[in-house]
Every structure is written in C-alpha cells, then in structure tokens.
Amino acid sequence: MLLLRVLSLKDKGSIITNTEKSEYLQMQNIAKMITEQLRNPNELDISLRMEFGPFETVYKWKRMSECYEFVGAKRSKHTAVAYKDALYVFGGDNGKSMLNDLIRFDIREMSWTKTGCMGVPPAPRYHHSAVVHRSSMFVFGGYTGDILANSNLTNKNDLFEYKFQSAQWVQWKFSGQEPVPRSAHGAAVYDDKLWIFAGYDGNTLLNDMWTINLVGENRQWEQIEQKGQCPPTCCNFPVAVSRGKMFVFSGQSGAKITNALFQFDFETHTWSRVCTEHLLRCAGPAPARRYGHVMAAHGRHLYVFGGAADNTLPSDLHCCDLDTQMWSVVQPAPDSQIPSGRLFHAGAVVGDAMYIFGGTIDNNVRSGELFRFQLSNYPRCTLHDDFGRILKSQQFCDVTVLVGEEKTPIFAHQAMLAARSQYLRAKIKEAREELEKKIESETETASTSSTNHWATGTTASASTCSSFNRPQVTIKLPEATPEVFNMVLDYIYTDRIDPTEKAASLDENPASSATFLLVMEVLRLALRLNIPRLRGLCARFLKANLCYNNVLPALHAAHHANLHCIKEYCLRFVVKDYNFTPIVMSAEFENMDQCLMVEIIRRRQQPVPKATTTQPHHECDEEIVGTTLEQDMSVLCSGGCAELSDVRLRVGAAMRPAHRSILAARAAYFEAMFRSFSPQDNIVNVQICDTVPSEEAFDSLLRYIYYGDTNMPTEDSLYLFQAPIYYGFTNNRLQVFCKHNLQSNVTPDNVVAILQAADRMRAADIKEYALKMIVHHFPLVAHQEAIKNLAQPLLVDIIWMLADEMQPGGAPAATVPASAQPRPLPASASAEAIPEEADHQRHKSIKL
C-alpha cells in the first residue's frame with residue numbers, strides 16, 4: 001500500500017516524508033527490474049528529434065527516370081547492386097547481344113550515367129551474379145558468347161572485382177579446386193566471404209555450394225558440405241541474406257519446382273525449410289512457384305516481386321515476415337505507379353526503398369524502366385505475443401476452468417474468454433451470478449464482503465485484488481480434455497495453434513494420426529464453444545493433411561464424434577480410384593467398424609453427387625469465417641463485456657472501464673503496478689510523463705493497447721509520442737507510427753490542433769513548426785473555427801511570429817505561395833524531455 005499512499009498524497013498535494021520517498025524508490029527499482037525481465041528495452045531506443053518534409057508514402061510504387069539508350073541499353077538477365085547512394089547495373093542482354101557495360105543511377109540526383117572504368121572488364125555476359133563487399137563489387141560466372149550467331153556460348157567460373165573508389169576492374173586468380181562453370185546461380189556475402197550456390201552448368205542443374213575469402217591473401221575456393229534439408233537442384237532463383245542466414249525461394253527445378261522458402265545457416269552449414277503448414281492460423285499462402293524473380297531483404301521482411309509463375313507474369317508484391325513466418329500480399333499505396341509483370345529483372349535495396357530495373361516484359365521486350373518501392377520500417381505488432389505471454393505466466397488470472405471428468409483446474413482471464421467465445425461468456429456470467437448469490441446468503445463477514453467486492457469488480461482491498469490470490473469465479477467444461485482446452489486457450493490468446501508442440505509423444509509431422517486426431521478434438525471443442533474461425537481453420541487443416549496413414553483412424557473418430565464434415569472428407573478420399581484399393585487391402589481396414597465398411601462400399605458403388613451432397617454448412621464451410629483476435633478485442637475495448645471490467649482509467653474528468661489482464665499484458669507500467677499494489681477504488685490516473693493527454697489521445701492509446709490500432713489523428717500522435725517508453729511497451733511500434741504521422745500529416749487543416757498539443761506537451765520544436773505553418777498559410781488558418789478557441793498566449797505567439805516574418809516591404813509572410821513549406825527546424829529541448837540515461841530511457845515503470 002506504500003505506493004498507493006505516495007501517489008494519493010501526491011494527488012492531494014500533501015508532503016511526502018523522506019522515509020516514504022526512499023521506500024517508494026526501492027519499490028520503483030523492483031518494478032523496474034520486473035519490467036526489464038519481461039520486455040526488450042533495446043527496441044525502445046528511437047530519436048525524438050523530428051524531421052519535417054517531404055516523405056514518401058509507405059508501400060508506394062514510383063516510376064523513376066528511365067535509362068536512355070545513349071547511357072545504357074534496355075536489358076534483362078543483368079544484375080543490380082547498391083553502393084552508398086547509387087544503384088549499379090552490370091551486364092545482361094538487350095535481345096540482340098550480351099552486354100558488359102556498367103551504368104549507375106544516382107539516388108540523390110535522380111539521373112543515369114555510364115560509369116568509366118580502368119582495367120579489363122568481364123566479357124559480355126548474362127545470368128551472372130554480383131554482390132557488394134566493403135567498397136567493391138564482385139561479379140562471378142554467367143553465360144558468355146554470341147547469342148545471335150549461337151557461337152562460343154559457354155558458362156564461366158571467373159571472378160572479377162570492381163573497386164568503386166578507383167573505378168578499376170581486377171580479375172582474381174586462384175589456386176586449387178574451383179567451382180564448375182555455371183550461370184543462373186545464387187550468390188551472397190557473409191562473414192567477409194563470397195558464397196555461391198546452385199545454378200546451371202549447361203547440362204545439369206546444380207545444388208552445390210562454394211565459398212571464398214574476400215579478405216587476405218588466401219584465394220582458394222572451398223566446397224561446403226551442406227547439411228539438413230537442402231533445396232532441390234535449381235537455377236534462376238534469387239537469394240537474400242538476413243539474420244545470419246541465406247534465403248532461397250523457388251526457381252527453375254524441373255519437375256521439382258516448388259514455392260517453398262529455404263534458409264541456410266552460415267555458421268552450421270545447415271539448410272532447413274521454413275515450414276508453417278502445421279500451424280492453425282489464418283495466414284496468406286506463399287507466392288506461386290516461379291523463376292526469374294527478385295527477392296530483397298529489409299528489416300524483418302523478405303520481399304518477392306515478379307518472375308514467371310506458371311506462364312504468367314504477375315505484378316503483385318509478396319512479403320514474408322521472418323518473425324511470424326507469414327506470407328502476405330502487399331497492398332500498394334493508392335497513387336502508386338505499379339510496374340508491369342516481368343522476369344529476369346534486377347533489384348536492390350538502397351536505404352528504405354527497393355529499386356527494380358529492367359527485365360523482360362510482354363512479347364519478349366526488354367525494359368529500361370526503373371521503379372522505386374517505399375519499404376516499411378514499422379516494428380512488428382506484438383499483440384499476439386503479449387497476450388500469449390500473460391497466458392503462459394498465469395498472472396492476474398480471475399477465472400478457474402474445471403476441465404474434463406477429473407475437473408483439472410486451468411486458470412485464465414475472464415475478459416479474454418468472454419471476448420472470444422459467446423459460450424464462455426455466458427458460462428462466466430452464470431458463474432458470477434451464482435457466486436454473488438452464494439455470498440449474499442452467507443454471513444456478511446469481512447472476508448466474504450471483500451470477496452463480493454472483488455467478484456463484482458467494484459472495490460477491492462490490496463489483499464483481495466492481489467494477483468497471487470486464486471480466482472473465485474469457476475466454470476466447468478466436462479466435455480473437454482485439458483490438452484485440447486489448452487490448445488483452444490492458445491488460439492483465444494494468440495489466434496494460432498501449433499498442434500505438434502503440445503505433447504512430446506506427438507510426431508512433428510502434421511499428417512501423423514496423433515496430430516490429426518488431436519486437431520479433430522480441437523474442432524469438436526470449437527463447435528461446442530462457438531468459435532467459428534477456429535472451426536474453419538481446423539477443417540482446412542484436416543482436409544489439407546488427409547492421407548493414407550490417417551484417413552481410416554480419422555474416419556472412425558469423426559463417425560463416433562458426429563463430425564459429419566470430416567467424415568465426408570474421409571469418405572470421398574477413400575473412394576477415389578487411386579486410393580480405394582490400397583486402403584481396402586490394408587490391415588487397418590480389417591479392423592474398421594462394420595457399419596463404416598458398409599458405408600464405404602456403398603459410397604464406392606454409388607457416389608453421392610457433389611451438387612446433392614448436403615453438409616452442415618456451419619461445420620464444413622472451407623471459407624474462414626468468424627472474427628480475429630483484433631476484431632474481438634476491438635469490441636471489448638469499445639464497451640463489450642463492460643460488466644467484467646475490474647479497473648477504471650481516469651484522464652481529466654473522463655473515466656474508461658478496463659481490464660487488468662489486458663493492461664498488464666501490453667504495458668510493463670501496469671504489470672508492475674498491479675503486481676505491487678491495488679489502486680484505491682480501482683481507479684488509475686493516466687498520464688504520459690508529466691502531461692495528462694487529451695481524452696481523444698487517451699482513447700487512441702487504449703485502442704493500441706487492446707488491439708494494436710495505430711490509426712489516430714495527427715494531434716493524438718504528439719501526446720502518445722513518448723507513451724511506449726513511459727508505459728514500457730514491448731517495442732516502439734506506436735512511437736514510430738506517431739513520428740511518421742507527425743512528420744507526414746501536419747497540414748493547414750490540423751495545424752491549430754497540433755499547436756495546442758505541442759504547447760501542452762512542451763514540444764518547442766513542433767510548436768515552432770506549427771507557428772511557421774500558420775503564418776505561411778494564414779489566410780486559410782485565420783478563417784477556421786478552431787483558431788477562435790485558442791488561448792490568449794498562443795494567439796500572442798502567432799502575432800509575434802507574424803511580426804517576425806514581415807518582409808522589408810511591409811508585406812506579411814502570408815503572401816508567400818501556398819506551396820512554400822516552412823524550413824526544417826532543429827530539434828529543441830522538447831526532444832530531450834526524456835533523460836539520456838539508458839535505463840531511464842528504456843522504461844519508466846511507475847512515475848512519482
């Protein structure tokens with residue numbers, strides 16, 4: 001209660017004794033240690049200095065200056081690398097002959113130039129590789145010769161170095177064994193070494209790997225003994241390096257062509273397939289198998305564009321999040337100039353943008369176009385991870401679920417269960433009502449009174465609200481098993497399930513009978529709990545993983561569980577021409593129930609037409625319907641399940657009902673608070689550093705906490721800019737969005753609100769910028785209704801700024817054309833509002 005007393009005395013303006021302050025600081029240090037154990041403070045370091053003017057829209061395609069013929073020919077099968085603020089393009093073919101020119105696109109000047117060079121350049125070639133190491137570009141292999149005359153065509157295994165600083169070509173000489181000559185291979189740089197993988201030697205597709213040191217005098221190739229699940233032999237594929245691994249996606253592999261993503265660990269020389277098919281989650285499919293495409297790494301993402309996919313040239317851009325291992329199609333910004341589909345183009349990342357140049361487009365035409373795509377630097381959303389962590393830690397649990405006939409207790413949070421399942425919400429409501437009746441019927445002692453207050457979410461003492469007490473509300477689920485219910489809990493909290501990790505005895509293969517039957521039990525419980533999205537994910541998983549090994553056990557289980565949807569899948573699988581004989585002749589079929597044998601034989605003799613097959617639509621619909629975690633938490637945030645709120649947040653005169661478990665899962669500030677003490681009357685006063693945010697900004701903060709929403713008015717971003725550090729969020733995602741919002745969206749329409757917020761937050765640099773914008777657009781701003789409500793000191797600031805901006809002739813600055821923008825301002829003291837000490841900057845658990 002000490003922390004509560006200190007805060008209440010502070011609110012009342014009372015004097016805090018030195019002893020109380022010393023004890024409070026000790027408790028604050030404890031809370032800080034808890035915070036640092038549960039969060040990653042390194043991700044919260046971000047400059048608070050604002051940069052104004054012009055910023056490119058995220059996910060926007062923009063066509064840049066085309067490379068004209070007098071600089072360099074239109075081409076395909078070339079390479080492009082990034083060095084400093086320029087893009088270097090080498091080789092390729094123009095449809096008539098191979099090329100060996102080196103052309104350069106200056107990012108700042110937005111212009112193309114032909115690069116002069118000394119020394120002997122590589123022979124004209126295409127399907128070679130090019131990488132950058134330190135201040136040099138290395139070109140390896142490729143296909144050379146006269147393509148028109150079809151003479152002297154050969155693959156190469158030579159290595160050339162182009163030194164950017166001296167514009168000099170140097171051919172490397174080797175001793176010892178060398179890689180077989182090849183083209184259309186992959187190349188990467190890691191640990192000061194060049195790594196070469198796979199390709200085509202003129203007769204055979206390869207999948208060997210070689211490496212050579214790019215520093216020192218030892219110029220010898222070394223063949224790598226690869227381990228693990230190696231990709232098939234392939235060519236015309238891209239590679240990308242990220243997080244100490246090389247990634248390979250698709251390519252030309254003959255009959256073995258795949259759309260799988262493989263990763264190679266440089267340290268262990270081990271390949272593995274990035275496989276997520278065993279996960280029950282609503283993720284987008286991987287891009288279609290293809291070749292001649294581009295893949296680039298940026299941050300935690302891999303981007304795949306173009307290529308030939310089953311005789312088509314798609315123009316969509318795919319993105320793989322390496323944290324979640326989920327593919328998605330990037331939706332370009334509305335005003336994008338999207339490049340047409342192409343193959344054998346080249347791409348590179350410069351800064352925070354990906355550049356795509358050239359390639360073969362429709363009718364085998366070479367392109368000289370250059371496109372820029374603005375990449376995203378936004379940190380990932382940790383909503384699912386945060387909720388999963390609080391489920392695993394079992395902190396602040398307020399409901400006990402007695403599962404199965406043995407009534408195994410499993411602890412959870414009422415708010416999460418009620419938000420995701422109407423069935424569980426009804427059970428919780430019923431249990432709370434029963435508890436209230438029980439308490440009312442008993443003698444009103446102090447213990448029962450405090451229990452009643454805790455159960456109804458009104459008032460509570462520190463002891464009854466402690467997270468260390470076991471919850472009083474109990475519900476029963478006799479039809480479930482603990483293992484299956486825990487899997488459903490994983491879905492409720494994280495929107496995903498990994499059925500292969502729940503039991504050590506289960507085979508990791510998602511098609512194993514044990515895994516298959518377990519997912520069937522999850523489906524049955526999802527039907528019982530009325531969670532339609534989980535129901536659909538289970539049905540899709542089961543249909544995708546149905547095979548010889550599991551179909552008969554699945555048919556037997558579905559029949560006895562009355563899962564008509566899965567039973568129908570199994571019957572259709574069994575009676576197919578190429579499945580029926582081996583399944584019927586198996587030993588497992590001999591032990592089938594007689595009624596199922598009869599049904600299989602009758603179905604084989606007289607198949608049910610698809611059009612007349614009547615299936616329970618609510619079970620078997622393959623389309624994933626239902627709400628996501630974000631959608632359910634949005635309803636909870638906007639007032640759903642208000643009767644389950646156990647804390648109220650106060651900002652100014654406004655009160656908002658909230659839930660301890662949600663707040664503690666998302667913010668170390670609330671976690672430390674609720675673990676240390678219970679707020680008086682269950683009311684928490686909300687502030688950010690020393691400032692009380694506006695009600696609108698506070699609502700934006702709540703939306704972010706509950707369901708990760710980052711859409712907010714620009715003025716709210718100013719209030720919430722420092723919230724991630726003050727509240728101890730897992731990363732700085734909200735802060736980055738706020739900064740981008742402020743930098744991009746301060747306009748004459750909202751500048752008055754920005755001025756008010758900047759003055760309130762004491763952000764001097766942003767306030768000065770807002771004043772300058774008001775002056776430059778004074779005829780527009782002066783007629784707004786908002787300016788009439790400005791405080792007198794701010795009106796005086798505007799008048800002073802107008803006076804300072806008066807030109808020598810007496811004309812006010814408002815005559816400056818509307819397109820003129822205020823110059824970027826240096827950061828002021830507002831950018832230093834958070835002390836520079838690393839520990840203090842990372843987290844502020846509880847502020848005195």
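Predicted model: local features only at pLDDT ≥ 70, side-chain atom pairs only at ≥ 80, totals over all residues.

Biologist: Which residues of α10 are buried?

Modeller: Asn550, Val551, Leu552, Ala554, Leu555 and Ala558.

Biologist: What makes α8 roughly parallel to α10?

Modeller: Helix α8 (residues 513-529) and helix α10 (residues 548-560) pack at an angle of about 30°, their axes being 9 Å apart. Roughly parallel is the word for angles under 35 degrees, so α8 counts as roughly parallel to α10. On handedness, the crossing of α8 past α10 is right-handed. On the α8 side the contact is made by Ser513, Phe516, Leu517 and Met520, and α10 brings Asn549, Asn550, Pro553, Ala554, Ala557 and Ala558.

Biologist: How many residues of that contact are nonpolar, polar or charged?

Modeller: Seven are nonpolar, three are polar and none is charged.

Biologist: On to the strands. Why is β25 called largely enclosed?

Modeller: Strand β25 spans residues 353-357, and five of the five are buried, so the strand is largely enclosed by the rest of the structure. The cut-off for buried is under 20% relative accessible area. Ala353, Tyr355 and Phe357 point one way from β25, Met354 and Ile356 point the other way, and all are buried.

Biologist: Which other strand is joined to β25 by five bridges?

Modeller: Strand β28 (residues 370-374), which runs antiparallel to β25. There, Tyr355 has Arg372 of β28 as its bridge partner.

Biologist: What makes β33 and β34 edge strands?

Modeller: They belong to an open sheet of three strands with the order β33-β32-β34 and mixed pairing. β33 (654-658) and β34 (683-685) each have a single partner strand, so one side of each is left without a neighbour in the sheet. Ignoring direction, neighbouring strands of this sheet are turned by 30° against each other on average. Strand β32 (residues 647-651) is joined to β33 by five bridges, running antiparallel, and Val651 stands opposite Ala654 in β33. Helix α19 (residues 695-707) lies across β32 and β33, at about 5° to β33.

Biologist: Last one: why is Ser242 called buried?

Modeller: Its relative accessible area is 8%. Buried means under 20%, so Ser242 qualifies as buried. Ser242 sits in strand β16 (residues 239-242).

Biologist: What is Ser242 in contact with, leaving aside its neighbours within four places in sequence?

Modeller: Phe247, Ala297, Gly299 and Leu322. The C-alpha atoms of Ser242 and His298 are separated by 8.0 Å, and these residues are 56 residues apart along the chain.

Methods
Residues numbered from 1 in each chain as written. Heavy atoms only, no water. Buried < 20%, exposed > 50% of the residue type's maximum accessible area, 1.4 Å probe, protein only. Helix = DSSP H or I, 4+ residues; strand = E, 2+ residues; numbered from the N terminus. Pairing = 2+ DSSP bridges. Axes fitted to C-alpha atoms, helices over the stretch in contact; angles between N-to-C directions. Parallel < 35°, antiparallel > 145°, perpendicular 65-115°, else oblique. Left-handed = near helix turned anticlockwise from the far one by under 90°. Contact = heavy atoms within 4.5 Å. Nonpolar A, V, L, I, M, F, W, Y, C, P; charged D, E, K, R; others polar.
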